[in-house]
Amino acid sequence: MASQKTRYDKMLEALRRHDSRITPQRMAVVKILASSDRHPTVEHIYEQVKRRFPTTSLATVYKTVTLLKELNEVLEIGFPEGSNRYDGHRP
């Protein structure tokens, strides 16, 4: 498995290639996905990002995770109860 730093750098590079802005909030989302040993929900990521960046919106986190999914940098894992989770290690 790739190291956390390698996954973090790879995801940021994918965002740059897509000409996406690399904001501190986006970097925080990427860091959480790259370092999580679990499969966090968007809501869980949002709660963590909001601690450091209180003005961050849930929409910002959703957009970042969705974009990373479209760029094949995260794997979306669906559950019957409807709360999707995301794996930043094995896209």
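This is a predicted model: local features need pLDDT of at least 70, side-chain atom pairs count only at pLDDT 80 or more; totals for chains, interfaces and linings use all residues.
Leu-71 sits in the loop between α4 and β1. Its relative accessible area is 24%, so Leu-71 is partly exposed. Now show its contacts. Leaving aside residues up to four places away in sequence, Leu-71 touches Ala-14, Leu-15 and His-18. Leu-71 and Glu-81 are 10 residues apart along the chain, and their C-alpha atoms are separated by 25 Å.

**Stop two: the loop's charged residue**

Stay in the loop between α4 and β1 and select Glu-73. Is Glu-73 buried or exposed? With 4% relative accessibility, Glu-73 counts as buried. Now bring up Arg-7. Arg-7 and Glu-73 form a salt bridge, and the closest N and O atoms are 3.1 Å apart. Trace the chain between the two partners. Arg-7 belongs to helix α1, residues 4-17, while Glu-73 lies in the loop that runs between α4 (58-70) and β1 (75-77). The two residues are 66 positions apart, and the pair links distant parts of the chain. Check the burial of Arg-7 as well: its relative accessible area is 4%, so Arg-7 is buried. The cut-off for buried is under 20% relative accessible area.

A salt bridge joins Glu-73 to Lys-10, with the closest N and O atoms 3.5 Å apart. Lys-10 lies in helix α1 and Glu-73 in the loop between α4 and β1, so this pair ties together parts that are 63 residues apart in sequence. Colour by accessibility here. Lys-10 has 43% relative accessibility and therefore counts as partly exposed.

**Stop three: another charged pair**

How many salt bridges does a search of the whole structure find? The search finds three. Lys-69 counts as partly exposed, at 31% relative accessibility. Glu-76 also has 31% relative accessibility and counts as partly exposed. Now show the salt bridges that share partners: they join Arg-7, Lys-10 and Glu-73 into one network.

**Stop four: two packed helices**

Switch to cartoon view. Two packed helices are described by the angle between their axes and the distance between the axes. Select α2, residues 24-35, together with α4. The two helices pack at an angle of about 60 degrees, and their axes are 10 Å apart. That angle makes α2 oblique to α4. Their crossing is right-handed.

Show side chains on both helices. Which residues of α2 meet α4? They are Gln-25, Arg-26, Val-29, Val-30 and Leu-33. On the α4 side, select Thr-60, Val-61, Thr-64, Val-65, Leu-67 and Leu-68. Colour the contact by residue class. Seven of its residues are nonpolar, three are polar and one is charged.

**Last stop: a residue in the contact**

Zoom in on Thr-64, which is in helix α4. How accessible is Thr-64? Its relative accessible area is 0%, so Thr-64 is buried. Display its neighbours, again not counting residues up to four places away in sequence. Thr-64 touches Arg-26 and Val-29. Both of these neighbours are among the α2 residues that meet α4.

Key:
Residues are numbered from 1 along each chain as its sequence is written. Side-chain values use heavy atoms; hydrogens and water are left out. A salt bridge is a side-chain nitrogen of Lys or Arg within 4 Å of a carboxyl oxygen of Asp or Glu. Helices (H or I, at least four residues) and strands (E, at least two) are DSSP runs, numbered from the N terminus. Buried means under 20% relative accessible area, exposed over 50%, partly exposed in between (1.4 Å probe, protein chains only). Axes are lines fitted to C-alpha atoms, for helices over the stretch in contact, and angles run from 0 to 180 degrees between N-to-C directions. Angles under 35 degrees count as roughly parallel, over 145 as roughly antiparallel, 65 to 115 as roughly perpendicular and the rest as oblique. A crossing is left-handed if the near helix is turned anticlockwise from the far one by less than a right angle, and right-handed if clockwise. Contact means heavy atoms within 4.5 Å. Ala, Val, Leu, Ile, Met, Phe, Trp, Tyr, Cys and Pro count as nonpolar, Asp, Glu, Lys and Arg as charged, and the others, Gly among them, as polar.
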